[in-house]
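This report is a guided reading for someone meeting the structure for the first time. Please look over the sequence and the model before going on to the sections below.

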Amino acid sequence: MIAGIYSRYNRVLHVRIMSLAMIWDIILILQIELSRSAILKASRAVTNAMALNVHVTIAVTTVVFYGFMVYTGRKLLAGDREIRRKHRILGYSTFTLRLLTFATSFWAVVPKE
Ligand code: HEM
């Protein structure tokens, strides 16, 4: 995603990198859930339920924001110049949310016995 922001003025590269980043991220979530039942494990492991709630809420919001990015990005590509500011603000918000998802993911780690 950093590479995608770096290449934000190269349309073809930007769209390719961001699409790959978002698809990869969603595959990662599915993989971690299907192969490790992450949600069930985490809910058992976490002593502080509030910490897990915060992590899951931020993670879900991030994916919702991916939807906003595709929507506003496609409008930009279709020539809507008005939506550029929105795409930019949403873009930096999405990136911040993804960083927060990463930071709070440590709260959901199963401790070694
Ligand atoms: C997480 C995903 C994404 C992030 C964080 C992001 C972020 C950004 C940012 C910060 C800019 C610069 C805006 C400015 O400075 O005015 C930009 C431009 C742009 N983005 Fe995205 N974007 C994302 C996904 C997408 C997607 C999926 C599309 C298309 C379907 C798209 C299409 C565009 C276009 C067309 C521009 C204008 C490029 C130009 O100047 O020619 N973006 N994006």
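Leaving aside residues up to four places away in sequence, Arg98 touches Met1 and Thr62, where contact means that the C-beta atoms of two residues, placed from the backbone, lie within 7 Å. Arg98 lies in helix α5; helices here are DSSP runs of H or I with at least four residues, strands are runs of E with at least two, and both are numbered from the N terminus. Because 20 C-beta neighbours lie inside 10 Å, Arg98 counts as buried. The scale behind that word calls a residue buried if 20 or more other C-beta atoms lie within 10 Å of its own, exposed if 12 or fewer, and partly exposed in between, with C-beta atoms placed from the backbone. From Arg98 to Thr72, which are 26 residues apart in sequence, the C-alpha to C-alpha distance is 18 Å.

## The model and its confidence

The model is predicted, and so local features are described only at pLDDT of at least 70 and side-chain atom pairs only at pLDDT 80 or more, while totals for chains, interfaces and linings use all residues. Residue numbers start from 1 along each chain as its sequence is written.

The confidence score, pLDDT, is given by the predictor for each residue from 0 to 100. For the protein chain its mean is 90, and 92% of the residues reach 70 or more. Among the elements, α1 has the highest mean pLDDT (98) and α3 the lowest (69). Where pLDDT is low, the predicted coordinates should not be read in detail.

## The chain as a whole

Of the 113 residues in the chain, 12% are buried. When contacts between residues at least 6 apart in sequence are considered, 58% of them join residues at least 24 apart.

Helix α2 has 26 residues and reaches 37 Å from its first C-alpha to its last, close to the 38 Å expected at 1.5 Å a residue; the expected span is 1.5 Å times one less than the number of residues. Ile23 has its place in α2 and counts as exposed because it has 11 C-beta neighbours inside 10 Å. Ile23 and Val64 are 41 residues apart in sequence, and their C-alpha atoms are 13 Å apart in space. Just after α2, Ser37 takes a positive phi of about 45°.

Lys41 is found in helix α3, which covers residues 38-45. Lys41 counts as partly exposed because it has 14 C-beta neighbours inside 10 Å.

## Helices α4 and α5

Helix α4, with 29 residues, reaches 42 Å from its first C-alpha to its last, close to the 42 Å expected at 1.5 Å a residue. His55, Thr62, Tyr66, Met69 and Thr72 are buried in α4, and what covers the buried residues of this helix includes α2 and α5. Just after α4, Gly79 takes a positive phi of about 105°.

The 22 residues of α5 should span 32 Å at 1.5 Å a residue, which agrees with the 31 Å between its end C-alpha atoms. The buried residues of α5 are Gly91, Thr94, Arg98 and Thr101. Seen down the axis of α5, these buried residues fall within an arc of 90°, so they line one face of the helix; the arc is that of the directions from the helix axis to the C-beta atoms. On the other side of α5, Arg85, Ile89, Tyr92 and Ala103 are exposed. What covers the buried residues of α5 includes α4. Ser93, also in α5, is partly exposed, with 15 other C-beta atoms within 10 Å.

## Around the ligand

Of the 23 residues around the ligand, Arg8, Met18, Gly73, Leu76 and Gly91 come nearest; a residue is near a molecule if its C-beta atom, placed from the backbone, lies within 6 Å of it. The elements that give two or more residues to this shell are α1 (2-6), α2 (11-36), α4 (49-77) and α5 (84-105).

By class, the shell has eleven nonpolar, seven polar and five charged residues. Here Ala, Val, Leu, Ile, Met, Phe, Trp, Tyr, Cys and Pro count as nonpolar, Asp, Glu, Lys and Arg as charged, and the others, Gly among them, as polar.
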